Amino acid sequence: MTFRKQMRTWESGKMEIQVIRDHLDIVKLQQKMDAIVFDYLDTSNNYQKAMRELNPLYIQVTTFYKEYVTKRAGEIPDANTYWHLFIDCSAKLCYFLAASTYYSSNALQKTPEKIERLLTIAAYSLPSIEQEENAQLLADMFALYKEVVNDDEKADSLRNKVLEQKGSVKQCLQHFKQFVDKEVRE
């Protein structure tokens, strides 16, 4: 009985990520995101489909984090393994949503500021940027950001600020908190 009270489910269409004991199911989130990226970005370039399927995951993740932090009086969580995986997955989700939106040309015309915000938070919240996989992803983020904003100085400024924080999980979580505070409306 207690277990049921501790478990909630976020639903949006066919996307469903469980929250168990105040923690989002990161494994399931990662699997869903990987499947969408593989099916619609890596193999078929179906950017609109990727955008439509990533968006509910993005809404779930940002809403979950805002509610989690709000319940704790604005205090960000400790930088343990769970939160490292959470912020890593969240950063990648923001990047893939930004990329799929950008390459869906009609969506870009409507939301260039949203794409810029998503790329900015993806870069700021990607932890462990010294690891090869994340270092490459960060380089891809900067390249797309430069293309979106079309301003070398602004892109270099973002790059320098992100590299300065060195992918510290605590700073990544703090940046993500500030982002969701603005993005997620009650």
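Contact here means heavy atoms within 4.5 Å. The structure is a predicted model, in which local features need pLDDT of at least 70 and side-chain atom pairs count only at pLDDT 80 or more, while totals for chains, interfaces and linings use all residues. Residues are numbered from 1 along each chain as its sequence is written, and side-chain values use heavy atoms, with hydrogens and water left out.

The pLDDT is the predictor's confidence in each residue, from 0 to 100. The protein averages 85, and 88% of the residues score at least 70. Residues 1–14 have a pLDDT below 50, and this stretch has 32 contacts in the model beyond near neighbours in sequence.

The protein has nine helices and three strands; these are DSSP runs numbered from the N terminus, with helices (H or I) of at least four residues and strands (E) of at least two. Starting at the N terminus, the order of elements is α-β-β-β-α-α-α-α-α-α-α-α. Among contacts between residues at least 6 apart in sequence, 67% join residues at least 24 apart.

Of the 186 residues, 46% count as buried, where buried means under 20% relative accessible area, exposed over 50%, and partly exposed in between, with a 1.4 Å probe and protein chains only. In soluble globular proteins, nonpolar side chains tend to be buried together. A nonpolar core is a set of buried Ala, Val, Leu, Ile, Met, Phe, Trp, Tyr and Cys residues joined through side-chain atoms within 4.5 Å. The largest such core holds 62 residues, and Leu24, Tyr65, Phe86 and Phe176 touch the most other members. Two or more residues of this core come from each of β2 (15–20), α2, α3 (47–71), α4, α6, α7, α8 (152–165) and α9. The most, 14 residues, come from α4. Leaving aside neighbours within four places in sequence, Phe86 is in contact with Leu24, Ile26, Val61, Phe64, Tyr65, Leu173 and Phe176.

A pocket is found on a 1 Å grid over the protein atoms alone, as an open set of points where a 1.4 Å probe fits, with protein on both sides within 12 Å along at least five of seven lines; its lining residues have an atom within 4 Å of a point. Grid points are joined across faces, edges and corners, and a volume is the space filled by probe spheres set on the points.

The largest pocket has a volume of about 200 Å³. Its lining consists of Arg117, Thr120, Ile121, Tyr124, His175, Gln178, Phe179, Lys182 and Glu183. By type, the lining has three nonpolar, three polar and three charged residues. Here Ala, Val, Leu, Ile, Met, Phe, Trp, Tyr, Cys and Pro count as nonpolar, Asp, Glu, Lys and Arg as charged, and the others, Gly among them, as polar.

The second largest pocket holds about 170 Å³ of space. Among its lining residues are Gln30, Met33, Lys92 and Asp140. Two or more lining residues come from each of α2 (26–42), α4 (81–103) and α7 (132–149).

Most residues other than glycine have a negative phi. Asp22 has a positive phi of about 65°; Asp22 sits in the loop between β2 and β3 (23–24) and is partly exposed, at 31% relative accessibility. Ala73 also has a positive phi, about 55°. Ala73 belongs to the loop between α3 and α4, and counts as exposed because its relative accessibility is 76%.
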